[in-house]
Amino acid sequence: MTTMTARPERFASLDMFRGATIFLMIVVNTAGAGGAFTQLQHAPWFGFTLADLIYPSFLFAVGNAMSFALTRPMPEHVFLRRVFKRAALIFLLGVLMYWFPFVTHQPDGSWVAKPFADTRLTGVLQRIALCYLLGALCARYLKPSQLVMVAIGLVVAHWAILVGLSPAGEAFGRYKNAGTLFDLWLIGPEHLYKKDHGFDPEGLLGTLPATANVIAGYLTGLAIQRWGKHAATVGRLAAIGAGLVVVALLLSPMLPIGKKMWTGSFVALTVGIDLILLGAVLWLVEIRGVKVGRSFLQMLGRNPLAIYLFSELLVVVLELIHVDGEGLYTWVGLNAFQPVAPGPVGSLLCALAYTLICCGFGWVLDRKGIILKV
């Protein structure tokens, strides 16, 4: 006798949340000429801006999606093969994205192959891959109550390594903390982020607390499916979220809030805000039935990886095309948007225009029924 297991009900609010994070991620990553608003730039070190919320929110959304995918019956070997294969492909795509366009333009006008020896091996997609892998394995083999303890343990382990293994006075410094020293030793400076003199904001040690954001998203997805589309669910999400924000603020004097180090207080703050925001979206969409923006954000949420890759690769191609000594994207920002709206407003308008072009790519995929997954 075969028992049919019902697929978990999809929540439009969860898909919209993921779509919104992709939209904002592209806006922040592709600021036009003129200088972005402060809230659309990452905090220089410790501190917090809107831009700092976007990446952890995407990891939170990755966990949300896992709460649907991993609840389907799946043999052990199939699960392990899929999870490791997906993580490996996402990691590889991240490496290829930084190696792209595989050639460099020389001052004399010639093109030469871009050496892999200088290609960054860490990065946004690479961290997503590692966090997804760790989060999926934990979700498969542990109960929800155990996952809470694992998430806390990952944050505490990150803090303990920084404090216990960094040189004296360098635990929360930029260049000599334990995480940076480990990256330099294992990976080498030639394969790390090159714009910050050896410090990599997506270094390996930060994978530990960042995985806590994925686990939090997974647990939230399970809770919403269990609690249902009710005002009480919104209240619970808001209450837990507010509690985590308070915890983050209480911790911040001894454990500063900072995305670049992905500190434990940063995890608590971002998960707390995400719970409040997701609760608000749940109330608007699932309870109040608001439909404004639903189809647009859901469309983005169906192909987030493809749209993100497209946005990153296209801007690289545009900057390879030089006009009056400037890359084409920079030139458009200077000559089309800055004359109309000088400064940060023009920068934002340029980024929004570019983001909508990338959304158009996602719309074409959606219209053709193409869902690009790895």
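User: What counts as a helix or a strand here?
Analyst: Both are DSSP runs, numbered from the N terminus: helices are H or I with at least four residues, strands are E with at least two. This is a predicted model, where local features need pLDDT of at least 70, side-chain atom pairs count only at pLDDT 80 or more, and totals for chains, interfaces and linings use all residues. Residues are numbered from 1 along each chain as its sequence is written, and side-chain values use heavy atoms, with hydrogens and water left out.

User: Ok. Where does threonine 220 lie?
Analyst: In helix 7, residues 207–227.

User: Buried or exposed, threonine 220?
Analyst: Threonine 220 has a relative accessible area of 7%, so it is buried. The cut-offs: buried is under 20%, exposed is over 50%, partly exposed is in between, with a 1.4 Å probe and protein chains only.

User: What does threonine 220 touch?
Analyst: Leaving out residues up to four places away in sequence, Phe60, Asn64, Leu237, Leu275 and Leu278. Contact means heavy atoms within 4.5 Å.

User: Switching to rings. How many aromatic pairs?
Analyst: The count is 15. Rings of Phe, Tyr and Trp (its six-membered ring) pair if their centres lie within 6.5 Å; planes under 30 degrees apart are stacked, over 60 edge-to-face, the rest tilted.

User: How are phenylalanine 46 and phenylalanine 172 paired?
Analyst: Their centres are 6.4 Å apart and their planes at 70°, so they pair edge-to-face. This pair links distant parts of the chain, 126 residues apart. Phenylalanine 46 is in the loop between helix 1 (12–29) and helix 2 (50–69). Phenylalanine 172 is in the loop between helix 5 (144–165) and helix 6 (178–186).

User: And how accessible is phenylalanine 46?
Analyst: Phenylalanine 46 is at 27% relative accessibility, so partly exposed. Phenylalanine 172 is partly exposed too, at 21%.

User: What about tryptophan 99 and phenylalanine 116?
Analyst: Their ring centres are 5.0 Å apart with planes at 65°, so that pair is edge-to-face. Tryptophan 99 is in helix 3 (residues 76–99), and phenylalanine 116 is in the loop between strand 2 (111–113) and helix 4 (124–141). They are 17 residues apart. Tryptophan 99 is partly exposed at 24%, and phenylalanine 116 is partly exposed at 36%.

User: Which residues do ring pairs link into a cluster?
Analyst: Trp45, Phe46, Phe172 and Phe199.

User: Which ring does arginine 140 lie over?
Analyst: Arginine 140 lies over the face of phenylalanine 79, 4.7 Å from the ring centre. Arginine 236 lies over the face of tryptophan 227, at 4.8 Å. The rule is NZ of Lys or CZ of Arg within 6 Å of the ring centre and within 35 degrees of the ring normal.

User: Pockets next. What volume has the largest pocket?
Analyst: About 1,600 Å³. A pocket is an open set of points on a 1 Å grid over the protein atoms alone, where a 1.4 Å probe fits, with protein on both sides within 12 Å along at least five of seven lines; lining residues have an atom within 4 Å of a point. Grid points are joined across faces, edges and corners, and the volume is the space filled by probe spheres set on them.

User: How do the lining residues of the largest pocket divide?
Analyst: 24 nonpolar, 10 polar and 11 charged. Ala, Val, Leu, Ile, Met, Phe, Trp, Tyr, Cys and Pro count as nonpolar; Asp, Glu, Lys and Arg as charged; the others, Gly among them, as polar.

User: And the second largest pocket, how much space?
Analyst: About 1,100 Å³. It is lined by 38 residues, with Arg18, Ala65, Ala69, Arg86 and Lys373 nearest its centre. That lining divides into 24 nonpolar, three polar and 11 charged.

User: Backbone now. Cis or trans, the peptide bond from phenylalanine 100 to proline 101?
Analyst: Cis, with omega near 10°. Proline 101 is in the loop between helix 3 and strand 1.

User: What phi has tryptophan 262?
Analyst: Positive, about 55°, although tryptophan 262 is not a glycine. Tryptophan 262 is in the loop between helix 8 (231–251) and helix 9 (264–287). At 0% relative accessibility, tryptophan 262 is buried.

User: And aspartate 324?
Analyst: Aspartate 324 has a positive phi of about 55° and is not a glycine. The loop between strand 3 (322–323) and strand 4 (326–327) holds aspartate 324. Aspartate 324 is exposed, at 70% relative accessibility.
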